[in-house]
Amino acid sequence: MKILIVEDERAIAEVERAYIERDGHSADIAASGTEGLAKFYQDKYDLVLLDLMLPEMSGVDVCREIRKNSATPILMVTAKSGEDDIIAGLDAGADDYIVKPFSPRVMMARIRANLRRNKPTQNSLKNNVINVGDSLAIDTDNLTVLKNGEEISLTRNEFMILSKLASRPEKTWSRDDLITYALGYEYDGFERSIDSYIKNIRKKLSDPQHENGYIRTVHGFGYKISDGTK
Ligand code: CA
């Protein structure tokens with residue numbers, strides 16, 4: 001796999017590249033947002049590791065630009081204090097994030113998870129499919145979602161949240177539940193991140209035949225899934 005590192009601090013970029021190469025992948029380094037975009041358009045990458053604090057063009061703008069016509073996984077790198085940056089990055093379409101200072105082993109685990117998500121396993125013998133209403137099918141073996149028969153591209157975390165909601169159609173999940181049961185103990189994000197993920201899932205699932213949407217807000221508590229009819 002080929003990974004694009006967008007990071008203006010050379011020393012950090014070199015450490016990231018060393019760990020990526022140790023895992024058997026290759027990596028290119030871009031030292032600014034504009035260079036990152038240029039490289040991204042020139043070459044084909046399987047994942048982008050994107051620092052948010054970049055000179056000139058911010059990581060959020062880079063992310064938004066890539067998302068205009070690509071579903072390549074984007075893993076953001078942010079500072080611990082940057083809750084607003086994290087929300088902005090997720091809203092711009094990033095798949096996941098890690099917080100500086102991070103352990104390189106955690107970084108590699110996140111990279112592997114996001115690469116896996118982008119490359120569904122071939123031909124599972126047994127498909128576990130959750131249907132929501134008559135138009136949504138969530139395949140938890142192949143990690144794919146079909147809306148009216150067409151595949152929707154969700155990020156790993158979006159998929160985990162949607163499939164968790166759909167696993168218990170009658171249940172309302174708090175943001176904390178969703179972090180615990182959908183994203184797991186490795187997740188060190190904020191409760192507000194859930195709202196960004198939900199917003200992105202809703203956008204991707206929007207369907208004129210189900211104008212009330214599949215995911216309902218339960219005010220003061222959290223979210224639940226609906227088959228879209230009531
Ligand atoms: Ca930086």
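Trainee: Where is the place of Ser163?
Mentor: Ser163 has its place in helix α6; helices are DSSP runs of H or I with at least four residues, strands are runs of E with at least two, and both are numbered from the N terminus. Please note that this is a predicted model, in which local features need pLDDT of at least 70, side-chain atom pairs count only at pLDDT 80 or more, and totals for chains, interfaces and linings use all residues. Residues are numbered from 1 along each chain as its sequence is written, and side-chain values use heavy atoms, with hydrogens and water left out.

Trainee: Is Ser163 buried or exposed?
Mentor: Ser163 is buried, at a relative accessible area of 11%. Buried means under 20% relative accessible area, exposed means over 50%, and partly exposed lies in between (1.4 Å probe, protein chains only).

Trainee: Which residues does Ser163 touch, not counting residues up to four places away in sequence?
Mentor: With those left out, Ser163 touches Ile130, Ile138 and Thr140, where contact means heavy atoms within 4.5 Å. The side chain of Ser163 also reaches the backbone oxygen of Met160, at 3.3 Å.

Trainee: And at what angle do the axes of α6 and α8 cross?
Mentor: The axes of α6 (residues 156-167) and α8 (residues 191-205) cross at roughly 80° and come within 10 Å. That makes α6 roughly perpendicular to α8, a term for angles of 65 to 115 degrees; under 35 counts as roughly parallel, over 145 as roughly antiparallel, and the rest as oblique.

Trainee: How do the residues of that contact divide?
Mentor: They divide into 8 nonpolar, 2 polar and 2 charged. Among those taking part are Ile161 and Leu165 in α6, and Ile198 and Lys204 in α8.

Trainee: New topic: what coordinates the calcium ion?
Mentor: Asp8 (OD), Asp51 (OD) and Met53 (O) coordinate the calcium ion at 2.1 to 2.3 Å. Donors are N, O and S atoms within 2.8 Å of the metal, or 3.2 Å for Na, K and Ca; water is not among the atoms, so sites may look incomplete.

Trainee: Where do Asp8 and Asp51 lie?
Mentor: Asp8 lies in the loop between β1 (2-6) and α1 (10-22), and Asp51 in strand β3 (residues 47-51), so the pair ties together parts that are 43 residues apart in sequence. Asp8 counts as partly exposed at 32% relative accessibility, whereas Asp51 counts as buried at 2%.

How values were computed. Axes fitted to C-alpha atoms, helices over the stretch in contact; angles between N-to-C directions. Nonpolar A, V, L, I, M, F, W, Y, C, P; charged D, E, K, R; others polar. Polar contact = N/O pair within 3.5 Å; in protein donor to acceptor, adjacent residues only side chain to side chain.
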